[in-house]
Amino acid sequence: MSEKKTSGWLATIKDLRVLLVIVLVIIALAAIFVPMGDRGDSMTNLQFGLDLDGGSWIQLEFQAEVVTIGAGADVNDVAAKMGEALDCTVVPIDQYHLEVQTKATEEELRAAVTAAGATFISYENGVGTTTAETVKRILESKVNSLGTNDVKVNTLTNPNGVAQYVRVEMAGVDMQTAQEIVGKQGLFEIRIVTTGNETAHVLYGDSVASVQNPTQNPAGSNNWGVGFNLNNDGAKALQQACIQYGATTNPQAHNLNMYLDGVEVYSAPLSNDLAIQIATHTVNSLYAGTGSGEEGHQQAQELEIHLRAGALPVQVEIAGSGSTSAALGEYFKIVCLIAGIAALAAVAVMVYLRYRVAEIVLPMIATNMAEIIILLGIAVFIQQLDIAAIAALIAVLGTGIDQLVIITDEVVHEGKVPSPTLYLKRLTRALAIIMTSAATVIIAMFPLIVMDLSTLKGFAIISILGILIGVLITRPAYGKIVMDIMAK
């Protein structure tokens, strides 16, 4: 009898559905506990958000406006005229929208649009997608270059594509340090090669008046670079250095080197055309080519950040901030762990009270725990665990048991499993109910991901992953397990 029982369990474990769950649990445990990279004093590879690890967050508001104009006007011409009228940079977003990179009132914007020969429709505080992504890259570059770990930078974008805020979260960093990091600018310098490896100073970053986004030159060529403008003093200093050291007559021997905080970030000679121009007059508008293809594009994005020396393309103001001490973060971890254990225990008690059969309760709890372990294994690589994500884990635990109860009630009738044909029909019906419910939740959660609501994004991601793991992996395995148990 014992031999038959052992044989039955082996047959269940060897089933592909059950075997898949076991293999994934082993892989997930390895991902969680096997040391990978620098994890400090932590016993696991799980990444915790600032509310569990301690840290600070700062929410910055863009001091810029997005203006909507009527059809019929040349948007580039309108942008140029508005820039002169408002004494700021105005960037066309598309045919009907312009980004004014300064704070302005409706009256000022309306007057500037009208003077530019266009029709003023409306305006909204914020920046376009391109500028928002530039700000995000610059902030990520600044905090990463300082060795700050566990950083999240999210732009909070409206459904119409206008970003009003950018939120920076830094785990393990106090508020004063966080503000210093976000506000810090590097020292940008251009030097010219004189003889051999010797270089001479030309200008500092305060001579760079403006920096454009990476562009292809010529358009459509896939050759990337960054355009930037020098103020008059900078253009004069560049001309004098190029003439003094011979870059206008032999540009190939006298590269212009760019440095950020003493580290070389770019080096290239003057083009022949530019050398001829600088020999006769100052040149304010320059273009630094970085190469072709995706690599050239990536280098252009990096060079743009270096040229800005950490300065953002638009002014920002702190709209909100907060911090959590490391001690409080540890307390929250303990509370979340207790909450998870209590939820699991409560679920086990309720399931036992319903079925009064340990052979059903134990596989249910084991299936639920396997689902959570697999989910945490995935989270190691894609998601920090904050309080919202922990709440999603507990919600997944609860909804998971709900779905297992649906399967059990559907396939078990009066404590017995029906014939294999009828069993498969009932299991299919139960899974159909579960998949419909899962699809509804995924649809409801999806907007929380695409709308960049960073506080709730982790909740949505964990919820959706938990649902998918359950529907595709653990529910079919549980169906096989409960059939074998009740058939004995």
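Predicted model: local features only at pLDDT ≥ 70, side-chain atom pairs only at ≥ 80, totals over all residues.
Me: What makes the protein chain more spread out than a compact globule?
Reply: Start with its make-up: 15 helices and 16 strands. The radius of gyration is 30 Å. The globule rule gives 23 Å for 488 residues. The value is well over the rule, so the chain is more spread out than a compact globule. The C-alpha atoms fill a box of roughly 100 × 55 × 45 Å along the principal axes.

Me: Why is threonine 194 called buried?
Reply: Its relative accessibility is 15%. Buried means under 20%. The value falls under that cut-off, so threonine 194 counts as buried.

Me: Where does threonine 194 lie, and between which strands?
Reply: In the loop between strand E8 (188-193) and strand E9 (199-204).

Me: Which residues is threonine 194 in contact with, leaving aside its neighbours within four places in sequence?
Reply: Thr199, Ala200, Tyr245 and His254. Contact here means heavy atoms within 4.5 Å.

Me: Why is aspartate 273 called exposed?
Reply: Its relative accessible area is 57%. Exposed means over 50%. The value passes that cut-off, so aspartate 273 is exposed. This residue is found in helix H9 (residues 272-280).

Me: How far apart are aspartate 273 and glutamate 169, in sequence and in space?
Reply: They are 104 residues apart in sequence. In space they are 46 Å apart, C-alpha to C-alpha.

Me: How do you know that strands E2 and E4 pair?
Reply: Two strands pair if there are at least two bridges between them. E2 (residues 65-69) and E4 (residues 97-100) are joined by 4 bridges, so they pair. They run antiparallel. Valine 67 stands opposite leucine 98 in E4.

Me: What makes E3 and E4 a pair?
Reply: The cut-off is at least two bridges. 3 bridges join E3 (residues 90-92) to E4, so this pair passes. These strands also run antiparallel. Proline 92 has leucine 98 in E4 as its bridge partner. A hairpin of 4 residues joins E3 to E4.

Me: How much of the whole chain counts as buried?
Reply: 46% of the 488 residues. The accessible surface comes to about 24,400 Å², and 58% of it belongs to carbon and sulfur atoms.

Me: How many side chains are positive and how many negative?
Reply: The chain has 28 positive and 46 negative side chains. The centres of the two sets lie 17 Å apart.

Terms used
Residues numbered from 1 in each chain as written. Heavy atoms only, no water. Helix = DSSP H or I, 4+ residues; strand = E, 2+ residues; numbered from the N terminus. Rg over C-alpha atoms; globule rule 2.2 N^0.38 Å. Buried < 20%, exposed > 50% of the residue type's maximum accessible area, 1.4 Å probe, protein only. Areas by Shrake-Rupley, 256 points an atom, 1.4 Å probe, with all protein chains shown as cover. Lys, Arg positive; Asp, Glu negative; His and termini not counted. Charge placed at Lys NZ, Arg CZ, Asp CG, Glu CD.
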